[in-house]
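Subject: Structure handover

Dear colleague,

I am passing on the structure below, with notes on what turned up in it. Please read the notes with the model open.

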Amino acid sequence: MTDYPVLKPILDRRSVRKFDAKPVERGKILACVEAARLSPSAENAQPWRFVVLEDQAGKNRFGEAAFSGIYKPTRWALGAPVLVVLLAELNVVAHGLGRWI
């Protein structure tokens, strides 16, 4: 099973729920966002936008809205030095593909 190189990172994956307070270098953040931005999308619509939250006040405001109700157990994410919030306009793809039907 490990003959396939793609399996190694999948098998080595781990969940991290405790973070260092050390800031993340801006170049590393931008590289990750750029890699995500270049991900394939239907008709290359790229219906997503990224919001990078580094300051604790911004993360707390986001957390109050996003990590409530059934999502409250995920509040551990507020301990990360950076949150990258993905916003997507989901109907962009549906409207684009609708012209072919």
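This is a predicted model: local features need pLDDT of at least 70, side-chain atom pairs count only at pLDDT 80 or more; totals for chains, interfaces and linings use all residues.

A polar contact here is a pair of N or O atoms within 3.5 Å, where one must be able to donate a hydrogen and the other to accept it.

Serine 41 and glutamine 46

Serine 41 sits in the loop between α2 and β1 (48–53), and glutamine 46 has its place in the loop between α2 and β1 as well. A polar atom of the serine 41 side chain lies 2.8 Å from the backbone nitrogen of glutamine 46. Apart from neighbours within four places in sequence, serine 41 is in contact with Gln46, Pro47 and Trp48. Glutamine 46 has a phi near 45°, a positive value in a residue other than glycine. For context, most residues other than glycine have a negative phi. Glutamine 46 counts as partly exposed, at 22% relative accessibility.

Aromatic pairs

How many aromatic pairs does a search of the whole structure find? There are two. Phenylalanine 19 and tryptophan 76 form a stacked pair, with 6.2 Å centre to centre and 20° between the planes. Phenylalanine 19 lies in the loop between α1 (7–12) and α2 (26–37), and tryptophan 76 in the loop between α3 (56–66) and β2 (83–88), so this pair ties together parts that are 57 residues apart in sequence.

Phenylalanine 62 counts as partly exposed at 27% relative accessibility, whereas phenylalanine 67 is buried, with a relative accessible area of 12%.

Nonpolar core

Which residues make up the largest nonpolar core? The core has seven residues in all: Leu53, Phe67, Ala77, Leu78, Ala80, Leu83 and Val85. Leaving aside neighbours within four places in sequence, valine 85 is in contact with Arg49, Phe50, Val51, Leu53 and Phe62.

Regards

Conventions:
Residues are numbered from 1 along each chain as its sequence is written. Side-chain values use heavy atoms; hydrogens and water are left out. Rings of Phe, Tyr and Trp (its six-membered ring) pair if their centres lie within 6.5 Å; planes under 30 degrees apart count as stacked, over 60 as edge-to-face and the rest as tilted. Helices (H or I, at least four residues) and strands (E, at least two) are DSSP runs, numbered from the N terminus. Buried means under 20% relative accessible area, exposed over 50%, partly exposed in between (1.4 Å probe, protein chains only). Contact means heavy atoms within 4.5 Å. A nonpolar core is a set of buried Ala, Val, Leu, Ile, Met, Phe, Trp, Tyr and Cys residues joined through side-chain atoms within 4.5 Å.
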